[in-house]
Amino acid sequence: MSERLLDLDAVRAFVRIAELGSFTRAAEVLRTTQAAVSLKLKRLEDRLGFRLVERTPRHVELSGQGAAFLVHARALLEAHERALSVAGGARRRLAIGISDHVAGPELPELIARMNSQNPQLLIEIRIGSSGDLLQHFDRRELDTVIVRQHADRSDGEMIVEEKFGWFAAPGWQHRAADPLPLATMAAPCGVRAMAEQLLDEAGVPWAEVFVGGGVMTVAAAVMAGLGVAALSPRMVPLGAVDVGPKLGLPDLPRLPVLLHSRVKDDRGRDALRALSAAFRSAVRG
């Protein structure tokens with residue numbers, strides 16, 4: 001019987017590899033080296049007697065048996081965390097603010113990954129503008145915020161830099177005699193201010209035709225054919241077209257996404273580390 005016992009650290013390494021699709025990012029979350037993660041996986045595969053992961057030069061994929069084992073691996077880790085929580089007392093609350101320009105369609109999956117890191121966390125998430133969230137953070141109403149780089153802030157840890165483009169609906173045509181119709185977020189919005197400043201500097205006439213209360217609303221206006229919006233590719237529905245090159249619009253810079261946090265305990269920091277690594281995977285594809 002003892003020969004069939006599983007090493008929980010090895011199981012945890014396998015789950016992180018599966019979720020992040022990368023040995024490197026799994027090592028980052030687990031605060032170890034890629035070589036150590038590879039060794040843990042090999043030992044787990046040897047113990048189970050079958051291959052869990054198929055390695056290719058470009059990415060990592062689960063084997064058929066690996067996909068089946070992943071369900072049980074997650075359940076095992078969750079049971080372990082629940083057992084530890086009996087001695088740990090009340091759930092730890094973690095209040096996180098995420099900028100609307102950062103919280104994309106993959107947010108539910110990212111939350112699930114963070115929860116799997118520590119199922120006993122009581123996670124509270126607020127969505128808002130970067131400026132508003134930073135104010136809540138400074139007033140200690142939020143433990144952590146993930147936001148676009150703010151003009152008057154130099155603190156925070158950069159998670160990733162994200163590409164932006166000028167997106168419109170497929171088949172949308174701009175009438176050359178008219179100002180460029182813009183769909184934007186309501187002020188204050190750093191992306192909106194940046195886009196309008198770049199158009200002004202390039203001498204491109206523009207006019208706001210739609211102001212939305214969230215990125216998904218702006219993306220919907222774009223797909224309805226109202227005009228053009230400065231958005232990241234992962235925020236727009238399938239089929240949206242980057243019309244910047246065709247219209248000669250100014251290039252949009254890659255925008256940093258920053259993590260501001262005052263979380264000190266290991267479990268909270270581990271959960272945030274898992275969220276950050278998963279977010280990098282989502283942005284970089």
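# Core, sheet and helix contacts in a predicted model

User: Leu180, Leu182 and Thr184 point one way from strand S8; which residues point the other way?
Analyst: The model is predicted: local features need pLDDT of at least 70, side-chain atom pairs count only at pLDDT 80 or more, and totals for chains, interfaces and linings use all residues. Residues are numbered from 1 along each chain as its sequence is written, and side-chain values use heavy atoms, leaving out hydrogens and water. Six of the six residues of S8 are buried (under 20% relative accessible area, with exposed over 50% and partly exposed in between, for a 1.4 Å probe and protein chains only). On one side of S8 stand Leu180, Leu182 and Thr184, and on the other stand Pro181, Ala183 and Met185.

User: With which strand does S8 pair in the parallel sense?
Analyst: Two strands pair if DSSP finds at least two bridges between them. For S8 there are six bridges to its parallel partner, which spans residues 206–212.

User: Which residues have the most contacts inside the largest nonpolar core?
Analyst: A nonpolar core is a set of buried Ala, Val, Leu, Ile, Met, Phe, Trp, Tyr and Cys residues joined through side-chain atoms within 4.5 Å. The largest one has 33 residues. Two or more of them come from each of S7 (165–168), S8 (180–185), helix H7 (190–201), helix H8 (215–223) and strand S10 (229–231). The residues with the most contacts inside the core are Trp166, Leu180, Val191, Leu199, Val228, Leu231 and Leu252.

User: How far apart in space are Ala168 and Leu231, C-alpha to C-alpha?
Analyst: Ala168 belongs to S7 and has Val241 in S11 as its bridge partner. Its relative accessible area is 0%, so it counts as buried. Ala168 and Leu231 are 63 residues apart in sequence, and in space their separation is 9.9 Å.

User: With which side chain does that of Ser232 make a polar contact?
Analyst: Ser232 lies in the loop between S10 and S11 and is buried, with a relative accessible area of 1%. A polar contact is a pair of N or O atoms within 3.5 Å; within protein, one must be able to donate a hydrogen and the other to accept it, and residues adjacent in sequence count only if both atoms are side-chain atoms. At 3.3 Å, the partner of Ser232 is the side chain of Glu162.

User: Why does the pair of Phe14 and Phe69 count as tilted?
Analyst: Rings of Phe, Tyr and Trp (its six-membered ring) pair if their centres lie within 6.5 Å, and planes under 30 degrees apart count as stacked, over 60 as edge-to-face and the rest as tilted. Phe14 in helix H1 (residues 8–20) and Phe69 in helix H4 (residues 64–88) are 55 residues apart. Both are buried, Phe14 at 0% and Phe69 at 11%. Their ring centres are 5.5 Å apart, and the pair is tilted because its planes stand at 45°.

User: Leaving aside neighbours within four places in sequence, which residues are in contact with Arg273?
Analyst: Arg273 is in helix H10 (residues 266–284) and counts as buried at 18% relative accessibility. Contact means heavy atoms within 4.5 Å. Helix H2 (residues 23–30) has buried residues including Val29, and H2 is followed by Arg31, whose phi is positive, near 55°. The contacts of Arg273 are Glu28, Val29 and Arg31.

Methods
Helices (H or I, at least four residues) and strands (E, at least two) are DSSP runs, numbered from the N terminus.
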